[in-house]
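Here's a quick briefing to read with the model open beside you. Take a look at the fold first, then go through the points below.

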Amino acid sequence: MATDSVKTEVGSYFISNYPPFSQWSEDAIPDLQQAMASEPRPGVPLGLYLHVPFCRKRCKFCYFRVYTDKNASEVETYVSALVEEIQLVSQLPAMGGRPFRFVYFGGGTPSFLSPKQLKRLEDRLRQSISWDQAEEVTFECEPGTLSETKVKALREMGVTRLSLGIENFSDKILEENGRAHLSKEVYTAWEWIEAAKFPNVNIDLIAGMVGETWDTWRNSVAKTLELSPESVTIYQMELPFNTVYSQDILGNKIETPVADWPQKRAWVSYAFDELAKAGYSQSSAYTMIKDPTKVSFSYRDNLFGGADLLATGVASFGHISGVHYQNKTEWADYTGDLLEKKQLPLKRAYRPTPEQLLIRETILLLKRGYLDVDYFQNKFGVNILDKWQPIWDEYVETGLATVDGGRIELTRDGLLRADGLLPPFFEEKHQGVRYT
């Protein structure tokens with residue numbers, strides 16, 4: 001697992017779960033099946049993730065399970081498998097009759113689907129599930145895949161939050177990094193998005209894409225502000241093992257083409273400052289929001305706080321009744337005969353211990369920028385200040401965090417390197433192991 005060193009090296013930096021995915025195994029699937037066959041834990045909210053793995057092109061920095069070579073027939077095969085899986089999931093005792101609090105269509109590029117495919121998918125999904133009571137329905141979009149008809153279809157589906165993967169406004173940088181869209185497609189799509197009046201539109205940017213300079217970054221921030229979305233999420237470019245860039249670095253022994261971490265942090269800090277001047281406020285280590293009374297992040301906050309997440313689609317990750325899991329990761333395994341046999345396409349799982357669940361919530365909730373000590377005392381019976389006193393002392397001493405009574409808060413410097421602050425909380429056996 002990559003540490004927060006100066007150079008951007010190959011390895012995972014962004015942390016989204018604990019214990020590390022590399023520690024999950026097929027041996028724990030019986031634990032998962034038992035959890036799925038049991039009634040849900042009282043008071044635990046439920047979410048749904050649907051993975052749509054198609055893209056027009058594979059970005060050179062992408063580490064997700066995506067396909068760029070599937071024809072219409074193969075897309076239909078996959079959608080049929082996804083619908084079949086959700087029908088099976090909807091019958092699990094672990095559902096417990098709970099409504100979905102949040103639903104997330106992720107990818108890949110969910111907006112790759114045509115309006116007709118989207119409508120057909122929605123109609124088939126609604127035969128077994130409903131998201132009408134969800135407080136947030138998020139749909140990821142690549143600007144060049146949108147059309148006026150498709151944007152209207154998404155609004156009619158009940159999507160409340162569009163997340164637009166712009167990443168950068170420089171066409172040269174978009175092309176160098178393998179993005180499928182160019183900046184003109186952003187502006188075309190934005191007119192349709194504004195006309196459809198989504199409650200929340202998020203713009204994603206990536207600091208440190210190959211070819212980035214101060215001039216290009218300032219331009220991207222300025223153009224984002226001109227669009228004035230409800231929220232802006234900024235990631236720092238990293239190099240997980242399975243990206244095109246990483247394979248080139250490891251295979252051809254070339255120097256990393258990605259800016260170093262201090263440079264990326266400087267770019268993100270500049271963006272935060274400019275967004276703050278425009279009235280945005282900090283929502284996490286990555287996100288600024290325009291109106292805190294209007295914008296919430298149900299998917300993020302519930303997931304970080306231990307909600308159940310039913311994961312559907314190839315290679316997707318979920319968590320149910322205290323057990324982590326991932327679906328089959330290969331096309332043939334997912335679209336094969338398992339679902340026809342009424343068997344879920346499960347690949348690996350992990351049942352965290354109470355200690356590991358405490359660590360998981362501590363590190364994930366810290367990514368919001370703060371922790372309330374009483375929350376953990378009430379939920380886990382643990383004083384996290386006492387438990388990890390040496391870590392907090394170090395972070396306070398180095399200007400990365402403050403501790404005021406029962407509240408731990410990251411400073412700007414802490415926010416800019418939030419993921420690099422999390423591994424010290426890992427158990428000793430998980431220190432230094434590969435994350436994915």
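In this predicted model, helix α12 has these buried residues: Gln356, Leu358, Ile359, Arg360, Glu361, Thr362, Ile363, Leu364, Leu365 and Leu366. That makes ten of its 13 residues buried, so call the helix mostly covered.

**Helix α12**
- An α-helix has 3.6 residues a turn, so residues three or four places apart point the same way.

**Strand β3 and its cover**
- Strand β3 takes up residues 136–141, and five of its six residues are buried, leaving the strand mostly covered.
- In a regular strand, side chains alternate between the two faces of the sheet.

**β3 with β2**
- β3 pairs with strand β2 (residues 102–107) in the parallel sense, over four bridges.
- Look for Tyr104, whose bridge partner in β3 is Thr138.
- To get from β2 to β3, the chain goes through helix α3 (residues 115–125), in a right-handed β-α-β crossover.

**β3 with β4**
- β3 also runs parallel to strand β4 (residues 161–167), and four bridges join the two.
- On this side, Phe139 stands opposite Leu162 in β4.

Definitions and conventions. Residues are numbered from 1 along each chain as its sequence is written. This is a predicted model: local features need pLDDT of at least 70, side-chain atom pairs count only at pLDDT 80 or more; totals for chains, interfaces and linings use all residues. Side-chain values use heavy atoms; hydrogens and water are left out. Buried means under 20% relative accessible area, exposed over 50%, partly exposed in between (1.4 Å probe, protein chains only). Two strands pair if DSSP finds at least two bridges between them. A crossover is right-handed if, with the strands pointing away from the viewer, the path from the first strand over the helix to the second runs clockwise.
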